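Please keep the model in view while working through the numbered points.

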Amino acid sequence: MLISLDFLALPLLAAASLVFISVLAGVFSARVGFSFLLVFLVVGTLAGSDGPGGLVFEDFRLSFWVGNVALAVILLDGGLRTNITTFRTGLRPSLLLATVGVVVCTAITGAAAYWLLDLSWPLALLLGAIVGSTDAAAVFSLLKSSGVKLNERVAATLEIESGMNDPMAVYLTLTFIGIALATASQGMAGLDAEAIFKSLLQQFGWGALMGAASGFGLAGLLKRMGRGADGGGGVRALLVVSGGLAVFAFTTWLGGSGFLAVYMMGVITGNRARRQVRPCLSAMDGYAWLAQAGMFLLLGLLVTPTDLLRTIWPALGVSVVLMFIARPVSVWLCLAPLRFKRNEIAFISWVGLRGAVPIVLAVFPVMAGVQGAQTFFNVAFVVVLTSLLLQGSTIAMAARKTGVDLPDPDDTEHARLVFGDFVLDASTPLETLCSFYGLPVPAESQQSVGRWLRQELNRPPVEGDSAQLGHAEISVRSMDGERIQQVGIKLG
């Protein structure tokens, strides 16, 4: 009696074909500015029950599991590549955006959902929480593939924010699910403010503790492993990713934020054992792309376009409010007090990319049995689609328009436009500079140009920062650690 393997062959054929078609289409679409992630999402939708593929897939539990595992792998990969020196300029603004920014974004988007979708306030704020955070997968991959070199402050803020705001989004989503279910059965008397606050402390406390402990532990383990005896970077990558998933699962089981834990683990491990981690980054990149492909394809399969069309206009309205009002307002409130420039605030506002995180979070209320939860899923899908289509495909153009991109070292013409025609050592006396170029002499002229520029900026300087001195613009041309090494001079 022969054993039939159709139960294995057909699903494997379908899955492998979808990934192959997605990657192939992504290669060609990237040339015209569309992201790989958008292609994965669209291919999954076309392969679904309403598309030409006709595949019927309604397993929210499997999608929830795959989505969480994939996000953990993506955050771990992003953390391993994050240089700790970028925290010098990016940590404070990122923390504000990942906490206060997400709350403000949730409130404004929730108000739009309350008006456009005729929801109760708990459900409207739940929808705001679902779409309120940026997505690590989208930010990491699209910033890398855009081909632009951003100044360190902007790049660090976007990357660290996307890695740290998932815990707040998950916390708010779970909190508003609890509020919605409690008020539906017991009214406002069912709310427990103390339990909500304890849940916040538990999420962030366990997440930070487990992330730090596992990061130091894994870094020490990698340093102790003998070189050449571990099978190379592939085996090390398998060790790192399996350890990351174990930490993610254990932290979640304890009631903490697994997302925060796995990101912190990646950052600490990648910086304390950089020489040992570097050989496995290529394999980690493959794991991250496989995670993104599987996650976006499955989430695309869950969507039923005919159901989507019933709420398309309110969903588009929510997306417009999120992109053009909620995100810019939240970014301005968080970054303006930190002396970010208008062009930097504008670019960070535009690159508030939404990806798989909102769709994965939209599965939470479906599994919790919240009334009308399918609407949240449909709205989240529209928000992600419009974000990847509009924001994701215009990153390079937005960087050039706002002037936050830095020139390639070999592009002398662009370098002159950004830094000016003249280059000086930052140790040049300020009085000498002013005398030579006929510039007004500041009150404290007995100092170097670099020291004066640092004082004018009143924040940690990064390459591309500038300040006005009379009719000249003095900019940071190069850095040596935290010290300004060269300045550029552009005459008005």
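1. A residue is called buried when its relative accessible area is under 20%, exposed when this value is over 50%, and partly exposed in between, with a 1.4 Å probe and protein chains only. F324 has a relative accessible area of 49% and is therefore partly exposed. Of the 492 residues of the protein, 51% count as buried.

2. Some remarks on the origin of the values are needed. This is a predicted model, in which local features need pLDDT of at least 70 and side-chain atom pairs count only at pLDDT 80 or more, while totals for chains, interfaces and linings use all residues. Residues are numbered from 1 along each chain as its sequence is written, and side-chain values use heavy atoms, with hydrogens and water left out.

3. On overall form, the radius of gyration is taken over C-alpha atoms, and the globule rule is 2.2 Å times the number of residues to the power 0.38. For 492 residues a compact globule would have a radius near 23 Å, and the protein agrees with this because its value is 24 Å. The C-alpha trace spans about 90 × 60 × 45 Å along its principal axes.

4. The protein contains 22 helices and 4 strands. Helices (H or I, at least four residues) and strands (E, at least two) are DSSP runs, numbered from the N terminus. A contact means heavy atoms within 4.5 Å. Among contacts with a separation of 6 or more, 75% are between residues 24 or more positions apart.

5. Which residues of α16 are buried? They are E344, I345, F347, I348 and S349. The elements that cover them include α4 (87-116), α7 (152-164), α15, α18 (373-391) and α19 (395-402).

6. The structure holds 8 aromatic pairs. Rings of Phe, Tyr and Trp (its six-membered ring) pair if their centres lie within 6.5 Å; planes under 30 degrees apart count as stacked, over 60 as edge-to-face and the rest as tilted. In one of these pairs, Y114 and W121 are stacked, with 4.1 Å from centre to centre and 10° between the planes. Y114 is partly exposed, as its relative accessible area is 36%, and W121 also counts as partly exposed, at 40%.

7. F324 and W350 form a tilted pair, with centres 5.8 Å apart and 45° between the planes. This pair links distant parts of the chain, since F324 lies in helix α15 (residues 312-335) and W350 in helix α16 (residues 342-350), 26 residues apart.

8. Ring pairs also join F422, F436 and Y437 into a cluster. F422 belongs to strand β1 (residues 422-425) and counts as partly exposed at 35% relative accessibility. Where does the chain return to F422, leaving aside neighbours within four places in sequence? The contacts of F422 are with Y437, V487, G488, I489 and L491. F422 and V487 are 65 residues apart in sequence, and their C-alpha atoms are 8.4 Å apart in space.

9. S478 is located in strand β3 (residues 472-480). Is this residue buried or exposed? S478 is buried, because its relative accessible area is 14%. Apart from neighbours within four places in sequence, S478 is in contact with I484, Q485 and Q486.
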